[in-house]
Amino acid sequence: MALDIGRRRLERSLAASRRAGGPVPSVAIVGAGLSGLAMAMQLVRSGSRDFVVLEQSEGVGGTWRDNTYPGSGCDVPSHLYSFSFAPKCDWSRRFAEQPEILGYAEWCVATFGLGEHLRLRTTVQSATFDEGSGRWSLECTGPDGDREVHEVDVVVFACGQLNRPMIPAIAGLDTFAGPLWHSARWNHDVELAGTRVAVVGNGASAIQFVPLVADQAATVTVFQRTPNYVAPKRDRAYRPLTRAILARVRPVELLYRWWIYWTFEIRWFWFRRDSWASRTVTRLFVKGIRDGVVSERLPDHALVPDYPVGCKRVLISSDWYPTLQRPDVDLVESWIDHVEKDAVVTDDGVRHPADALVFATGFASTQFLAHIPVRGVGGRRLADEWRAGAHAYLGTMVAGFPNCYLLYGPNTNLGHNSILFMVERQVNLVLQAIALQLRAGLGEESGPTRRAVLGVSTSAYRADDVRTQRRLAGTAWVASCRSWYKDAAGRVVNNWPTWTVRYWYETLRLRPGNLDVVASDIRPATRRADRPIVSAAPRVASPG
Ligand SMILES: Cc1cc2nc3c(=O)[nH]c(=O)nc-3n(C[C@H](O)[C@H](O)[C@H](O)COP(=O)(O)OP(=O)(O)OC[C@H]3O[C@@H](n4cnc5c(N)ncnc54)[C@H](O)[C@@H]3O)c2cc1C
């Protein structure tokens, strides 16, 4: 799937720079989820050792470290949920569960020797670009609570879209006497057997844990705002022979991976607004729900969405509807008014007794780097740049923030395929950018004395945004529903608006014409450190 262009270019540029006695750019990666690890692995494979991975928690894996709730797992088939340059071929089941995916993250660390680059329990508090030196300064809180500053040439933010849990402000929440928690911070100390559990939310996490909780609890009450489309999950453990073949016969595994990729990619047709495929699939879903699940107890309005397929994330589970049909599980559509010490009270005045309260209410998904003040050229704040909604050139670069990249950034989320595919493409772009930066630093005069600064040009950044918004207008994401893809103003900031194969193509080669590259002399004795000596992209030879 990957041509690994970025890795090969960086490898060559690093070798050229070393031969010329030139500098190797230092890199800070913020976040040790799968995106941060992908960046780190590709740097190692390129021959770069001068990088650090700063991670606020105590371990790697991000999403898959945080979400330990019962039933937590992937809803993309396992064989598409590893990087093509670090494939895992011995998955135990078709849809991997959280421990196995976390194991994959740990395997990446061990196999690529990332341990020595990891700084765990280190939270990046702010990032500031210094125009004089062309470097980034990251202020961090270290493991002992001490202040640390990391100065680097390149910063890569791999902070994810879905790791800051959101709990709605509900009146009386602080009066609830029992335990309460968010699904991404599962409280494993609470014994749920025989208790009355209230679950707020019915999204991708809830549909995974509610069936398992219902097996233990005395009762489960699910509070939902709107119903979802839920497709069956064709999950199963692989038979030993199948697993062995996939693990050992690489061409078979590759074919299988490709087959999964294309069967998922073709679903993009579903998400094209008002298309024949979208209308047909919506009709089939609705028919299936009406024929198989709707009843007096679970009426049409409780189960049948009033928006087209794809506007909200399509969920997969084969247990969800049978669970809702259980007599000890209640689906409540009324809005929550307030919480009392032992109950949730809805706006129709009904009290729903509860011993434990679980929030499956998602994440601050549209806020991206809002938790880290990032300052670029001229002290410009990223938060100001994104006041009208987060966006980035191919989800990766923001004008005015040079030598700075985002992984799983704005408009790179998907509704129909593997996020790791997108992340891998972004890493390819970043590696090419670092290679170009290196070559620009060496320049035609070939000296070890220059440092290059590279960023997307304002015109390319704006044109990319216009193109993304135009494409989004033709997708199901913009239909009338509330979803975690939209910010408060209704702008879709999370999702990539078309085929992923299109993203593959657009991220295949970094286009120098879309960049501003400035190389500065860093030999104070002969030239002023901040004087630009290369300033136009076309003058910088592409390394490939
Ligand atoms: C429950 C759940 C199920 C999912 N299922 C799927 C699926 O089936 N298929 C799919 O493709 N995707 C799925 N996703 C999306 C998933 O998030 C991505 O696939 C992928 O794991 C994202 O990796 P990441 O490294 O970009 O982000 P994350 O995994 O969120 O990692 C970000 C890391 O950055 C760290 N960080 C953040 N801020 C700072 C800071 N200031 N300083 C230091 N460290 C910081 C965090 O601690 C975290 O470790 C799911 C997400 C969730 C929440």
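How many nonpolar, polar and charged residues does the shell around the ligand have? By class, the shell has 15 nonpolar, 14 polar and two charged residues. In this classification Ala, Val, Leu, Ile, Met, Phe, Trp, Tyr, Cys and Pro count as nonpolar, Asp, Glu, Lys and Arg as charged, and the others, Gly among them, as polar.

## Basis of the model

This is a predicted model, in which local features need pLDDT of at least 70 and side-chain atom pairs count only at pLDDT 80 or more, while totals for chains, interfaces and linings use all residues. Residues are numbered from 1 along each chain as its sequence is written.

## Ligand shell

The ligand is surrounded by 31 residues, and the closest are Gly31, Gly33, Ser35, Gly62 and Gly160. A residue is near a molecule or strand if its C-beta atom, placed from the backbone, lies within 6 Å of it.

At least two residues of the shell come from each of α2 (34-46) and β4 (123-130). The largest share, three residues, is supplied by α2. Helices (H or I, at least four residues) and strands (E, at least two) are DSSP runs, numbered from the N terminus.

## Domain division

Domain 1 comprises 5-163 + 365-441 + 450-520, and domain 2 comprises 173-233 + 274-307 + 317-359; such bounds come from an automatic or database domain assignment. The contact between domain 1 and domain 2 takes 15 residues from domain 1 and 14 residues from domain 2, two residues being in contact if their C-beta atoms, placed from the backbone, lie within 7 Å. The side of domain 1 that touches domain 2 has six nonpolar, six polar and three charged residues. The C-alpha centres of domain 1 and domain 2 are 34 Å apart.

## Open sheets

Two strands pair if DSSP finds at least two bridges between them. Strand β5 (residues 135-141) runs antiparallel to β6 and is joined to it by six bridges; Glu139 stands opposite Val149 in β6.

Another open sheet has three strands in the order β14-β15-β16, with antiparallel pairing. Here β14 (336-340) and β16 (351-353) are the edge strands, each of which pairs on one side only. Strand β15 (residues 343-346) is joined to the antiparallel β16 by three bridges, and Val345 stands opposite Arg351 in β16.

## The enclosed strand β9

Strand β9 (residues 196-200) is largely enclosed by the rest of the structure, because five of its five residues are buried. A residue is buried if 20 or more other C-beta atoms lie within 10 Å of its own, exposed if 12 or fewer, and partly exposed in between, with C-beta atoms placed from the backbone. Both faces are covered: Arg196, Ala198 and Val200 are buried on one side, and Val197 and Val199 on the other.

In the parallel sense, β9 pairs with strand β10 (residues 219-223) over five bridges. Thr221 in β10 is the bridge partner of Ala198.

Asn403 lies in the loop between α11 (382-385) and β19 (404-406). Why is Asn403 classed as buried? Asn403 is buried because 25 other C-beta atoms lie within 10 Å.

Not counting residues up to four places away in sequence, Asn403 touches Trp136, Asp153, Val154, Val155, Gln437, Val453 and Leu454. The C-alpha atoms of Asn403 and Gly376 are separated by 9.8 Å, with these two residues 27 residues apart along the chain.
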